[in-house]
Amino acid sequence: MVTSCKLRNTIKYKPLINPKKKIKETTMADLLVEQPQEITISKTFPTKPKLKSKPKTPLKTPESKYWSSFKSHQISNLISSIPSIDFSPISPHHFAAANSASLTLFSSRTLSPASTISFSDVVTSCSFRCDGSLIAASDLSGLIRVFDVKTRTPLRRLRSHARPVRFVKYPLLDKLHLVSGGDDSVVKYWDVAGESVVLDLYGHRDYVRCGDCSPTDGEMFVTGSYDHTVKLWDVRVDSKESVIEVNHGNPVEDVIFLPSGGMVATAGGNSVKIWDLIGGGKMVYSMESHNKTVTSICVGKVGKESGEEALQYRIFSVALDGYMKVFDYAKMKVTHSMRFPAPLMSIGFSLDCMTRVIGSSNGIIFAGRRKAKEDAGESKVGNFWALGNVEEPRALRPTYFRYFHRSQGEKPNEGDHLIMRQKKVKFAEHDKLLKKFRHKEALVSVLGGKNTENVVAVMEELVARRKLLKCVVNLDDEELGLLLGFLHKHSTMPRHSGLLTGLTRKVLEMRAEDIRASDALKGHIRNLKRSVEEEIRIQHSLQEIQGVISPLLRIAGRR
């Protein structure tokens, strides 16, 4: 007892209520007053399927939209294949097209023929001089002729090739000389005024099919041949040998200088290759996006004044597979592709970035022109003068209704900060019913529609709420028929089979008695059984095919 008393005396009890702290008295009025609480309302969103279907056509990039904005126009009154197209370097950038035994000049604005120059043989190539006043053209007889563009007067006849001439080119920085090559495997450097050959350059072992002149040096040019080689020539070299030689790997159909002058692009086979001449002829990249032989390439510039791709250069390529490809050689990727209904032979792009012309093998020119702001301005001015006297618009005053709506259609400038108005979310009928927790009615409503994605989305939402099976139990015979019809059509689809196959099994287990009692529901079950059996048969066939292909793939992998 003594010990217990000692323990009891040593324990200190802590008071529950602090006597110094004042306690507020609670009255009945305080209990009746409802204390304010923060109420947070969660936003509701329309139901969407978890597995989104991929679009059949990929979304267009801004650059792809730009190239698609060229309004297409067909010129179909030509006789045969168009092997060569060239644009005038001066405004308004008319273009010339070689077809059969004639050279036709077209207006780049109206895309209509302006004049025609006749030859005695098939024209193979044409080239404008740097000032646009003269044009040179070659034919299969080995003759090169120089004409005045305005009067179509023949000025010079250059004959030295023993076989057909395949290309002729005016240097960009020289008005007095020409470069040509042909099936005699010889590259010739001409003095146009004297109608004489300055240099005969030997080095190719097969037909010389193409060539281009340097944009930075008037005495350097590059040629491509069917011997798979591309050679860089400099007329100042005394040895008359090529400065650089690269091997394309296929017969070379076309070769061009890139705007910097230090790189060239070659086309041959189904590939377009880019070479660094400053680096000694090193290959930078090989683009192999065509299925057939690439016949022609050219350089064009994106005519947009703003944006990431504004005023950047692209390589255009056309091939016998009927495709035109736009290649961004800065990012090394194809940015646009377009299909045409005929094999393509040549392509040209104007310096003002407004006109694109493609020649085909069946004599049709596929031209495309982009609408310019200047053209729109000219049409507005023309319409203004056609109207006659037009009254000047009255000044807006605060007494006018339009005064308070002024500038509402004004477009934002580049540096403006835009505050977008939130769009009101539109809810479908099943979304409204789900918001009110009327689950069965939401399921029936969406089954009555024709959108498979919405039905699957509602089912997934009901699974998340654990109400799907309860809805299935409460369906009447007509509504159950809608569900069975949907399962018959879509339960074998690979994207939705995981959800719908399990739901089908549950429906058959839970509503077996109702199905036996109704002939309409039995018909749905028979249709469902047929579709499942057909899917099983297809899967067996695919397994047999896989068994045949797998050994072949293993053997090919060992090689």
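Guide: Accessible areas here come from the Shrake-Rupley method with a 1.4 Å probe, and the model they are computed on is a predicted one.

Visitor: Which residues make the nonpolar surface patch?

Guide: That patch, of about 730 Å², is made by Ile538, Leu542, Ile545, Val548, Ile549, Leu552, Leu553 and Ile555. One of these, Leu553, is found in helix H12, which covers residues 519–558.

Visitor: Is Leu553 buried or exposed?

Guide: Leu553 counts as exposed, because its relative accessibility is 57% and the cut-off for exposed is over 50%.

Visitor: Switching to rings, how many aromatic pairs are there?

Guide: The count comes to 14 aromatic pairs. In one of them, the rings of Phe95 and Phe106 have centres 5.0 Å apart and planes at 10°, so this pair is stacked. Phe95 lies in strand S3 and Phe106 in strand S4, eleven residues apart.

Visitor: Are those two buried or exposed?

Guide: Phe95, at 0% relative accessibility, counts as buried, and Phe106 counts as buried at 1%.

Visitor: What about Phe119 and Phe147?

Guide: Their ring centres are 5.6 Å apart with the planes at 65°, so that pair is edge-to-face. Both Phe119 and Phe147 are buried, and the charged end of Arg145 sits over the ring of Phe119, 5.2 Å from its centre.

Conventions: Residues are numbered from 1 along each chain as its sequence is written. This is a predicted model: local features need pLDDT of at least 70, side-chain atom pairs count only at pLDDT 80 or more; totals for chains, interfaces and linings use all residues. Side-chain values use heavy atoms; hydrogens and water are left out. Patches are made of residues with over 30% relative accessible area and no salt bridge: like charges are joined within 9 Å, nonpolar side chains (Val, Leu, Ile, Met, Phe, Trp, Tyr) within 5 Å. A salt bridge is a side-chain nitrogen of Lys or Arg within 4 Å of a carboxyl oxygen of Asp or Glu. Helices (H or I, at least four residues) and strands (E, at least two) are DSSP runs, numbered from the N terminus. Buried means under 20% relative accessible area, exposed over 50%, partly exposed in between (1.4 Å probe, protein chains only). Rings of Phe, Tyr and Trp (its six-membered ring) pair if their centres lie within 6.5 Å; planes under 30 degrees apart count as stacked, over 60 as edge-to-face and the rest as tilted. A charge sits over a ring if NZ of Lys or CZ of Arg is within 6 Å of the ring centre and within 35 degrees of the ring normal.
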